[in-house]
Amino acid sequence: MSEPLWRHALGRELRRRRHARGETLHATAGRAGVSPQYLSEVERGRKEPSSEMIAAVAGALGTDLAALTRGVADGLATAPRVRGPQCAYALAA
C-alpha cells in the first residue's frame with residue numbers, strides 16, 4: 001500500500017478551504033501574489049510549492065501554517081491507501 005503524496009493532500013486542503021470561503025482562484029491567487037494558473041496547479045497536486053508559497057496562500061485564505069498543516073494531516077489520516085507505486089520515481093527493490 002502506498003501513502004498519498006503530500007502535494008496532493010495539500011492541494012485538496014487548499015481547494016477545500018478556498019471553496020469554504022466561496023472564493024475564486026483569481027481572488028485567492030491575487031491576495032497570495034501568485035498566478036491563478038499556478039494556484040490551480042498546486043490545488044491539483046501538479047506543483048510542489050515552496051514553504052514561502054504555501055505560507056502566502058495560507059495567509060490569503062485567512063489561516064496560518066499550523067492550521068493548514070493540521071488540515072492536511074487530518075486529510076492524510078483518512079485518505080484511502082492505494083496498491084502499487086503512486087509515482088514514476090518509485091525505487092525498485
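Helices here are DSSP runs of H or I with at least four residues, numbered from the N terminus. Hi everyone, thanks for coming; residue numbers start from 1 along each chain as its sequence is written. What we have is a predicted model, where local features need pLDDT of at least 70, side-chain atom pairs count only at pLDDT 80 or more, totals for chains, interfaces and linings use all residues, and side-chain values use heavy atoms, with hydrogens and water left out.

Let's begin with one residue. Where does E23 sit? You'll find E23 in the loop between α1 (6-20) and α2 (25-32). Is E23 buried or exposed? Its relative accessibility is 15%, so E23 counts as buried; buried means under 20% relative accessible area, exposed over 50%, and partly exposed in between, with a 1.4 Å probe and protein chains only. The E23 side chain also makes a polar contact with the side chain of R21, at 2.9 Å. By polar contact I mean a pair of N or O atoms within 3.5 Å; within protein, one must be able to donate a hydrogen and the other to accept it, and residues adjacent in sequence count only if both atoms are side-chain atoms. Leaving out residues up to four places away in sequence, E23 touches R18, T28, R31, A60 and L61, where contact means heavy atoms within 4.5 Å.

Now to the core. A nonpolar core is a set of buried Ala, Val, Leu, Ile, Met, Phe, Trp, Tyr and Cys residues joined through side-chain atoms within 4.5 Å. The largest one here has 16 residues, and L10, L14, V57 and L68 have the most contacts inside it. At least two core residues come from each of α1, α2, α3 (36-43), α4 (51-60) and α5 (65-78), and α4 gives the most, with four. Take L68: beyond its neighbours within four places in sequence, its contacts are L10, E13, L14, R17, I54, A58 and T63.

Finally, helix packing. α2 and α3 pack at an angle of about 105°, with axes 8 Å apart; axes are lines fitted to C-alpha atoms, for helices over the stretch in contact, and angles run from 0 to 180 degrees between N-to-C directions. That makes α2 roughly perpendicular to α3, a label for 65 to 115 degrees; under 35 is roughly parallel, over 145 roughly antiparallel, and the rest oblique. On the α2 side we have L25, H26, T28 and A29, meeting P36, L39, S40 and E43 of α3.
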